[in-house]
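Please read the points below alongside the coordinates. They cover strand pairing and a few ring contacts.

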Amino acid sequence: MEEKKIVLTKPMTIEKESDSDASYKAPNLMQRILSLFKNVRPGSDLTRFQLPPLFNLPKSQLQCYGESVYCTGSDLLSMCNRGQSPLDRFISVVAWSISTTRPVIFGVAPYNPILGETHHVSKGNLNVLLEQISHHPPVSALHATDEKENIEMIWCQRPDPKFNGTSVEAKVYGKRQLKLLNHGETYEMNCPHLVLRILPVTGADWAGTVSVRCVETGLVAELSYRSSHSFLGIGGNHRVVKGKICDSSSLKLLFEVDGHWDSTVNLKDTSDGKVRVIYDAKEVFSGIGAPILKDLESVWPTESANVWGELSQAIMSQDWEKARDAKQKVEEKQRELVNERESKGETWISKHFVVSNNKEGWECSPIHKSVPAAPIIVQ
């Protein structure tokens, strides 16, 4: 049995990059990025594009998805549950949805998770479990439960990155559900897509429209993530969020949403013009640190922090030769498993989700009613 090597890193924050484990920059960054894409045609699918370790964050995409749920300094989920009215709860869900938008650093990307990779973390009563349910195309599933608050979360999403000549755009397909079981309410939402600008000025932005809908109450929010005006990509603010909250049954506009997802977002009541802050990024990101290993023996071999532990350690030490060897080791092992399954005529089956792929896209439902407490915790 292989020895476990668990490496847990700090989440991305809105603070200066020097506060992050991913604060390093690849040498001659622009030159190297252009060389990466010199043989890639515009419109090309990048899901099979392999990045050298020099351009990797020391963590998996599964960990990044998980961090957007469990790495928060304020308990927005409890606020969703404790709202007195359906409208109060809906506004809190909109604020929580904004909180899952996390900063990215241009020039580095997380690892593409291997098939069957998992990430299992607890924060208080919230237990979060992710599993990579497809490798090509990459599809990730998330199940989270808080039995004290009686909250359940189910995500299934598939990023689809494409090279556009001067940028890379990664649209994220799939659905996120948040269930407030005490109130019998299900909220469905999507997430913005990521735009990595290469020319004329480098940068990474979230863009596109996020829809939040409560199935039972008919309340709907449309949030537009976009950049403020700039000249040739220079200047302006690239973290703007604007939108509205409506009652779909009457088509009545109830509130206007306006702000920046990396600072504050305001809500304006259209009936009386009153404005209040519904989201403060500093509160959400304050005091969040790296997850903590509580019980090594209980960590699954498929845990992201274990699968990529050797590579993450090498990247953080900037030992690029060791990093290349570690990444190659993981990839070779996966090829062996694929060949073994093919030779036996076996199909990989998820351990934690019932998975389907039809004309509606990828869908998943948890096998178990609740997620158990994890051996990795966030305080």
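The notes start with the basis of the values and then go through the sheet and the rings.

1. Basis. This is a predicted model, in which local features need pLDDT of at least 70, side-chain atom pairs count only at pLDDT 80 or more, and totals for chains, interfaces and linings use all residues. Residues are numbered from 1 along each chain as its sequence is written, and side-chain values use heavy atoms, with hydrogens and water left out.

2. Strands β11 and β12. Helices (H or I, at least four residues) and strands (E, at least two) are DSSP runs, numbered from the N terminus; two strands pair if DSSP finds at least two bridges between them. β11 (residues 219–226) pairs with β12 (residues 240–247) in the antiparallel sense over eight bridges. Within this pairing, Ile245 of β12 stands opposite Ala221.

3. Strands β12 and β13. β13 covers residues 252–260 and pairs with β12 over eight bridges, in the antiparallel sense. His260 in β13 is the bridge partner of Val240. The two strands form a hairpin with four residues between them, and Leu251 in the turn has a positive phi of about 60 degrees.

4. Aromatic pairs. Rings of Phe, Tyr and Trp (its six-membered ring) pair if their centres lie within 6.5 Å; planes under 30 degrees apart count as stacked, over 60 as edge-to-face and the rest as tilted. The count is two aromatic pairs. Phe90 and Tyr187 form a tilted pair, with 6.1 Å centre to centre and 40 degrees between the planes. Phe90 lies in helix α4 (residues 86–99) and Tyr187 in strand β8 (residues 185–189), so the pair ties together parts 97 residues apart in sequence.
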